[in-house]
Amino acid sequence: MERVNEIRRGTLQEQTFYEQVGGEETFRRLVHRFYQGVAEDPLLRPMYPEEDLGPAEDRFALFLMQYWGGPTTYSENRGHPRLRMRHAPFAVDRAAHDAWLKHMRVAVEELGLSEEHEHTLWNYLTYAAASMINTAG
Ligand code: HEM
């Protein structure tokens, strides 16, 4: 038994962040909740070109899964992320950034992750959101 436990501990340390937080289900929940916020948001909703937010939700979930060490389906479908370039057609100003993070905050909190995991995820999201601003105002 001792041995098995030791092996288990070693295995846990090698898990990716993706696995540690619960894998695909967790990222799907996160992005789904986030898009519920976007769907209701008068500033953000008009920025999304497609009437159906489902495909955008899928792209974002696959991107985050890949980023955190999960399957690489995003790049298989979409190529290199080049996120700043992909956001260039949209005027991401401070107000859009703030609205985006507001909905993301709700979605992250509802995951109920450990403090450490939540902190890691949130740090990344705030940093990434700031780097996506491409329009003054
Ligand atoms: C700061 C505010 C942001 C705004 C207003 C914004 C807005 C948008 C819009 C309008 C789209 C197009 C929807 C679609 O057709 O897929 C999009 C796509 C996307 N966004 Fe953002 N975004 C923001 C930040 C971020 C951040 C921080 C990330 C990553 C952590 C991100 C990841 C993505 C991804 C992966 C896509 C799909 C790219 C593709 O494959 O075409 N976005 N975003």
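**A helical chain and its ligand**

In the protein chain, 74% of the contacts with a separation of 6 or more are between residues 24 or more positions apart. Two residues are in contact if their C-beta atoms, placed from the backbone, lie within 7 Å. This is a predicted model: local features need pLDDT of at least 70, side-chain atom pairs count only at pLDDT 80 or more, and totals for chains, interfaces and linings use all residues. Residues are numbered from 1 along each chain as its sequence is written.

Start with the overall build. The protein chain has 8 helices and 0 strands. Helices (H or I, at least four residues) and strands (E, at least two) are DSSP runs, numbered from the N terminus. The C-alpha trace spans about 60 × 30 × 25 Å along its principal axes.

Now look inside. Of the 137 residues, 13% count as buried (20 or more other C-beta atoms within 10 Å of the residue's own, with C-beta atoms placed from the backbone). The largest nonpolar core has 14 residues. Such a core is a set of buried Ala, Val, Leu, Ile, Met, Phe, Trp, Tyr and Cys residues joined through C-beta atoms within 7 Å. Phe27, Val31, Phe34, Ala61, Leu64 and Met65 touch the most other members. Two or more core residues come from each of α3 (24–39), α4 (54–67) and α7 (94–111). The most, 6 residues, come from α3. Not counting residues up to four places away in sequence, Leu64 touches Phe27 and Val31.

Turn to the ligand. The largest share of the shell around the ligand, 4 residues, comes from α4. At least two residues each come from α4, α6 (83–87), α7 and α8 (115–131).

Note on methods. A residue is buried if 20 or more other C-beta atoms lie within 10 Å of its own, exposed if 12 or fewer, and partly exposed in between; C-beta atoms are placed from the backbone.
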